[in-house]
Amino acid sequence: IYTEPDEISRVQRPTADRNTARLRAATSMAADALVGDVARRLAEPGIRVMPVKGALLQHWLYDDPTDRPLTDVDLLVLPQNLERAVRQLESAGYRTLLRPSFGAVVLHTPFGLALDLHPSLFDAARYRLRTAELFARSTEDTHLYSAHVQLPSPLDAYAHLIGKFGSDHLDGRATGRLDEIARMASLIDLPAETVAEHLVDCGMRRVSRYVLPLVHQTMNEPFAAKVHRSLPFDPVGACIAALASSSLHNAPPVSRRGALLAHSLNDSLPRAARSGARALLQKIRRP
């Protein structure tokens, strides 16, 4: 039986869409189960965990959590608890895959998703979103994952998304990431001036000058523009942000130029040099 190519395409497309939807649903449920399992296992030695990135945003920002693609699960623990947490999980059948000299420890899990266990959201030389302060501002939740977890404040989650966009040296093509920053603004019940002050306190005054105009222009999100206007006067930062905007546009996703500009968006040029040097060292040491 001969079938026209267009007809084959129409038959195959719904099947592919259904398979994608099923995979996303399974991944979403696996992520929730993984967060809950880790939280319960680490509760025994008194280690608190905080879900971040996709495992959290799928619930906070989307009516249907399966709309948010996931490839792994990211959890934050206090730096002094990282080694104990790894040992506790290894005793429960988790297996360490990657242990860098600093940064997240990556573990194989029984849930089909890798676990990234972070002692901090950023390297110590990049920004100032300190883990202890994140936990101090967090709230306890027992419903989202059927386990005790600490949820970050929306203000800290907003700062994290902005800093991560800059540290990944993304540009206006990353519409999904810009959309999440725009969505997060709806969860913040604070004046733009307060948000801008928090970004400055976190060492993100310059990366915010780069990211917030992209959010406003690409997503037509007015709150980003208000926060941008509330940032303090910083002519050097404004020049760096303008240079990043022009240079990163249509640049390769991974390039030396992109990495250099991403580090230059740090709070100051000395911190930019330090974070760049540490990133280079980590790259050299990476197996």
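User: What does the lining of the largest cavity have by class: how many nonpolar, polar and charged residues?

Analyst: That lining has 10 nonpolar, 1 polar and 2 charged residues. Here Ala, Val, Leu, Ile, Met, Phe, Trp, Tyr, Cys and Pro count as nonpolar, Asp, Glu, Lys and Arg as charged, and the others, Gly among them, as polar. Keep in mind that this is a predicted model: local features need pLDDT of at least 70, side-chain atom pairs count only at pLDDT 80 or more, and totals for chains, interfaces and linings use all residues. Residues are numbered from 1 along each chain as its sequence is written, and side-chain values use heavy atoms, with hydrogens and water left out.

User: OK, and how much space lies in the largest cavity?

Analyst: About 80 Å³. A cavity here is a set of points, on a 1 Å grid over the protein atoms alone, where a 1.4 Å probe fits but cannot get out; lining residues have an atom within 4 Å of a point. Grid points are joined across faces, edges and corners, and the volume is the space filled by probe spheres set on the points.

User: Switching to strands. In what sense do strand 4 and strand 5 pair?

Analyst: Antiparallel, over 3 bridges; two strands pair if DSSP finds at least two bridges between them. L107 stands opposite L115 in strand 5. The two strands form a hairpin with 5 residues between them, and G112 in the turn has a positive phi of about 80°.

User: And what stands opposite V106 in strand 4?

Analyst: L98 does. Strand 3 (residues 95-98) and strand 4 (residues 105-108) pair in the antiparallel sense over 3 bridges.

User: Now helix 7: which residues are buried?

Analyst: A192, V195, A196, H198 and L199. Buried means under 20% relative accessible area, exposed over 50%, and partly exposed in between, with a 1.4 Å probe and protein chains only.

User: Why are they on the same side of helix 7?

Analyst: Because they cover an arc of only 160° around the axis, taken from the directions from the helix axis to the C-beta atoms. The face turned away from the buried side carries the exposed residues E193 and E197.

User: What covers the buried residues?

Analyst: The cover includes helix 5, helix 8 (205-219) and helix 9 (222-230), where contact means heavy atoms within 4.5 Å.

Methods: 1 Å grid on protein atoms, 1.4 Å probe; cavity = no way out; pocket = protein on both sides within 12 Å on 5 of 7 lines; lining within 4 Å. Helix = DSSP H or I, 4+ residues; strand = E, 2+ residues; numbered from the N terminus.
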